[in-house]
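Here's a quick briefing to read alongside the model. Keep the viewer open and hop from topic to topic as you go.

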Amino acid sequence: MSILPLFFLLLSLLPSAFSLSYPFNYSLHIDCGGLVNTTDAFHTTWLSDRFYRRRHLRRLRASPLPPPAGKTLRHFPISSGKKNCYSIPTPTAGGRYFLRTFTVYDNFDGKSHSPSFDVSVEGTLVFSWRSPWPESVSRSGAYSDLFFYHNKTVVDLCFYSIATDSPVIGSLELTQIDNKAYDFESAKNSSNYILVNYGRFSSGSDQWGPGFSNDTDFFGRSWQSDAEFRLESVSIANGVTIKSISAEKPIANVEISPNYFPKKLYQTAVMAEGNGGGVLEYELTVDAKLDYLLWFHFAEIDVNVTMAGQRVFDVMVNGENVNRIDVYNKVGGFAAYDWSYVVKNLSSTTLNVRLESVVGSPIICGLENYAIVPVDLKTIPDQVTAMKSLKASLRVPDRMGWNGDPCAPSTWDAWEGVTCHPTKDGSALVISQMNLSSNSLGGNIPSGLGQHSLVKLLLNDNLLEGQVPEELYSIGVHGGAIDLQVKWVLSLATQQVVSRQGFFRDNPPTLKSIRESKNN
């Protein structure tokens with residue numbers, strides 16, 4: 001099925017739960033391994049797994065964590081190649097998106113070995129699953145999510161096997177969001193980064209959001225309880241009482257562009273009350289050597305605070321005082337106030353956030369933490385197009401894993417038989433060598449492979465037909481990018497056939513005639 005009719009089919013299946021005040025209505029919910037479209041208890045329509053046609057799926061048992069759709073998952077055995085991808089259509093080229101995945105193992109293969117694999121979005125590594133998984137995650141599953149900018153009409157989400165493990169996925173969700181969402185100050189445009197969720201919580205409430213409750217979040221974010229991150233021992237040691245409060249009035253400044261933070265987020269909060277005003281402290285697990293974007297959410301929902309200066313507290317991040325907050329002074333009472341802060345080059349694997357009283361008790365409604373992941377280099381577009389044509393023409397088998405970007409992510413192996421390197425200016429990746437010999441490939445060599453970066457092309461011992469593209473020869477002679485002798489010998493030619501450089505200019509050979517010449 002082509003992308004265009006599939007895209008319009010999907011649009012007709014989109015849920016109609018979006019508010020008229022929210023300008024984006026594109027959201028896909030994909031049940032990986034599902035055979036039919038379904039609707040869950042939260043009235044979300046899940047599409048059957050139609051973006052990937054291979055039949056590697058298993059039926060799962062029910063689990064305590066609410067599954068996103070049915071009880072199936074998609075797994076990718078090593079026989080289908082080390083790299084397998086979904087290609088998900090988007091409404092336009094250029095836009096910002098929220099991607100959420102649900103992953104579970106549940107011993108579906110009876111091996112009691114949770115798999116190790118990586119996940120990439122458009123050629124950038126975003127998730128790494130390593131065995132053994134925590135038992136609760138292995139059995140019940142876990143959501144992972146991120147924000148990214150995309151400038152094409154199809155998103156490639158790829159899975160890369162570590163050793164011989166089979167990657168698994170339960171569901172995928174893709175939602176278009178405001179182009180300026182989660183914007184932050186950086187040396188580059190924030191569209192050059194992917195924001196990977198490393199913790200998102202709502203204070204004074206249980207876990208809520210899509211998959212857990214009917215509460216609305218236009219982006220599809222789910223929110224954990226702050227109790228999962230709060231250091232209770234700090235409060236007890238300092239004689240502090242943690243108090244949850246709820247708003248008695250409507251909250252202003254909610255569900256507005258560009259981040260559309262949900263109103264439920266500001267309807268509850270926690271305060272730390274005690275001698276000297278109290279302390280709230282949270283600890284989030286992170287990976288070292290990355291920058292992190294913290295997004296704080298406040299609202300003064302205590303009816304006893306009626307003027308500026310009654311509640312003032314400092315925000316400490318890993319022991320550094322980064323801001324002093326007076327919510328009422330900023331926005332008044334019963335109004336949302338959001339503030340962000342970037343933690344540079346974190347050296348530890350924990351991120352500590354501490355709210356210390358200056359006047360009164362500190363208060364917080366929620367907190368988000370995102371790793372700022374630079375977008376990886378990609379293969380130059382012309383070579384991607386040429387390589388996809390080559391894959392189709394030569395009928396490259398699944399076992400070679402020719403899916404997604406030929407060279408990216410740069411931390412993975414390139415397509416089997418392909419060698420890549422960065423361009424001189426470091427702005428992209430290019431293909432420098434291809435060794436596709438002895439792979440039982442058949443068909444024609446398409447045009448478009450004549451790139452100056454290509455210095456070696458090995459195609460011997462295959463069953464190729466048709467004419468050799470003139471551009472391969474001409475680049476080898478005039479640009480020096482291809483070793484002419486090696487090229488033709490390893491394209492089933494012989495020394496006799498390529499003895500004169502000018503021979504092919506006037507007599508372009510077919511691969512069939514080259515094979516016959518070699519056999520004579």
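A quick word on burial before anything else: a residue is called buried under 20% relative accessible area, exposed over 50%, and partly exposed in between, using a 1.4 Å probe and protein chains only. What you're looking at is a predicted model, in which local features need pLDDT of at least 70 and side-chain atom pairs count only at pLDDT 80 or more, while totals for chains, interfaces and linings use all residues. Residues are numbered from 1 along each chain as its sequence is written, and side-chain values use heavy atoms, with hydrogens and water left out.

**The chain as a whole**

- The protein chain has nine helices and 30 strands; these are DSSP runs numbered from the N terminus, with helices being H or I over at least four residues and strands being E over at least two.
- Of its 520 residues, 54% count as buried.
- Take the contacts in the protein chain with a separation of 6 or more: 71% of them come from residues 24 or more positions apart, where contact means heavy atoms within 4.5 Å.
- The accessible surface of the protein chain is about 22500 Å², and carbon and sulfur atoms hold 49% of that. These areas come from the Shrake-Rupley method with a 1.4 Å probe, and for residues only the protein chains shown count as cover.

**Disulfides**

- There are two disulfides in the structure, a disulfide being a pair of cysteine sulfur atoms within 2.5 Å.
- Counting bonded cysteines along the chain, the pattern is 1-2, 3-4.
- One of the links joins C85 to C158, with 2.1 Å from S to S. This pair bridges distant parts of the chain, since C85 sits in strand β6 (residues 83–89) and C158 in strand β11 (residues 154–161), 73 residues apart.
- The C85 and C158 link is right-handed, with 105° about the S-S bond.
- Why does C85 count as buried? Because its relative accessible area is 9%. C158 counts as buried too, because its relative accessibility is 3%.
- Another link joins C407 to C420, at 2.0 Å from S to S. C407 lies in the loop between α5 (381–394) and β26 (418–422) and C420 in strand β26, so this pair ties together parts that are 13 residues apart in sequence.
- With -75° about the S-S bond, the C407 and C420 link is left-handed.
- C407 is buried, at 4% relative accessibility, whereas C420 is partly exposed, at 23%.

- C32 counts as buried because its relative accessibility is 0%.
- C365 is buried as well, with a relative accessible area of 0%.

**A three-stranded sheet**

- Look for the open sheet of three strands in the order β16-β17-β24, paired antiparallel. Its edge strands are β16 (241–246) and β24 (363–364), each pairing on one side only.
- Two strands pair if DSSP finds at least two bridges between them.
- Strand β17 (residues 268–273) and β24 run antiparallel and are joined by two bridges.
- Which residue in β24 is the bridge partner of M271? That would be I363.
- As a reminder, strands of a sheet pair through backbone hydrogen bonds, either parallel or antiparallel.

**Cis peptide bonds**

- S131 and P132 are joined by a cis peptide bond, with omega about 0°. You'll find P132 in the loop between β9 (124–129) and α2 (135–140).
- A cis peptide bond also joins S257 and P258, and here omega is about 5°. P258 belongs to the loop between β16 and β17.

- N107 has a positive phi, near 55°, despite being a residue other than glycine. Where is N107? Check the loop between β7 (95–103) and β8 (117–121).
- N107 counts as partly exposed because its relative accessible area is 30%.
- N345 isn't a glycine either, yet its phi is positive at about 45°.
- N345 lies in strand β22 (residues 336–346). Is N345 buried or exposed? N345 counts as exposed, because its relative accessibility is 52%.
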